[in-house]
Amino acid sequence: MTTAYETVSEYDDGPARDGRIKLHNEEGFQGMRKAGHLAASVLDMLASEVAPGVTTDHLDRLTREFVFDHGATPATLYYRGYRHSLCTSLNHVVCHGIPGPKPLRNGDIVNIDVTVVVDGWHGDTSRMFVAGEPKRKAELLIDTTYDAMMAGINAIKPGVTLGTIGAIIQEHAETRRCSIVREFCGHGLGRLFHDSPNVLHFGTRGEGPELKPGMFFTVEPMLNLGRPDVKILADGWTAVTRDKSLSAQFEHSVGVTEDGVEIFTQSPKGLDKPPYSLQA
Ligand code: MF3
Ligand code: CO
Ligand code: CO
């Protein structure tokens, strides 16, 4: 992270990840609105599908078809050897859970994370879903995680630093007896899936790069009910809590505007967090 805090226009020298933070123009905002809208629409579509007995393989198939039917591509398909259109992270899985043939059970909580590419722009978002009836402590973890993400996002505006955003998220989690996972962070995105800057979900106020209009990145905190420590399973992807405690995550893709923040991945149906009322 040598020159991590320099900025550069996307349109000067193309999309290579070089440690500098791109500043996008109106064309970028328009591209991200479309990509974010489709990514959020995938999660809206899945909200009525998650139930006991359903397999995460089925959710993956539905997502792949939905995304291709909309003229877009799942960014995770064949990304670094990954072969699926979403990640499904159940219970003590922190992130990057791989869809499979095992049916969901009553009370399971699952993060579904989808990234789509629309006209070259990336929309990356995730939400928690519950199969059947959640346990009270799972519900509390989910609420705290969503509120921590939104507390961070709502503080985004030019002049604020990423350290401040991280600190706000961390304080929200830790004052509610949840821990923040350190090994995974949010990221710049746009025409690249994972770009600078790294967006840590912990930190110190006033430290880190200063936000400027035109920066695009994700905010995607992972909170655990137990200790923050994680390990990666032998499949090379699945990250789990070492103490097997429950973990939750939400993710939005956002852009810094002249006076605040625009969320590109807001739910078109108002299904941003559970419980999802599905009569729409
Ligand atoms: N969508 C994830 C993120 O938020 C990345 C998933 S990469 C995969 O950055 F290969 F695991 F799918
Ligand atoms: Co992301
Ligand atoms: Co994601």
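How are α2 and α3 oriented to each other? The two helices are oblique in this predicted model, because angles under 35 degrees count as roughly parallel, over 145 as roughly antiparallel, 65 to 115 as roughly perpendicular and the rest as oblique.

Residues are numbered from 1 along each chain as its sequence is written, and chains are lettered from A and ligands numbered from 1 in the order of writing. In this predicted model, local features need pLDDT of at least 70, side-chain atom pairs count only at pLDDT 80 or more, and totals for chains, interfaces and linings use all residues, while side-chain values use heavy atoms, with hydrogens and water left out.

**View 1. Packing of helix α2 against helix α3.** The axes of α2 (residues 26–47) and α3 (residues 56–69) lie 10 Å apart at an angle of about 140°. Axes are lines fitted to C-alpha atoms, for helices over the stretch in contact, and angles run from 0 to 180 degrees between N-to-C directions. Helices (H or I, at least four residues) and strands (E, at least two) are DSSP runs numbered from the N terminus. Leu38, Ser41, Val42, Met45 and Leu46 of α2 meet Leu59, Leu62, Thr63, Phe66 and Val67 of α3, contact being heavy atoms within 4.5 Å. This contact has eight nonpolar, two polar and no charged residues (Ala, Val, Leu, Ile, Met, Phe, Trp, Tyr, Cys and Pro count as nonpolar, Asp, Glu, Lys and Arg as charged, and the others, Gly among them, as polar).

**View 2. The largest pocket.** Its volume is about 560 Å³. Tyr79, His96, Phe184, His187 and His194 are the closest to its centre among the 27 lining residues. On a 1 Å grid over the protein atoms alone, a pocket is an open set of points with protein on both sides within 12 Å along at least five of seven lines, a cavity is a set where a 1.4 Å probe fits but cannot get out, and lining residues have an atom within 4 Å of a point. Grid points are joined across faces, edges and corners, and a volume is the space filled by probe spheres set on the points. Strand β6 gives the most to this lining, with four residues.

**View 3. The second largest pocket.** About 370 Å³ is its volume. Of its 19 lining residues, Thr88, Leu90, Val93, Ile98 and Lys102 lie nearest the centre.

**View 4. The largest cavity.** This cavity holds about 30 Å³ of space. Its lining comprises Ile21, Lys22, His24, Gly188, Asp195, Ser196, Pro197 and Phe216, and β10 provides the largest share, three residues.
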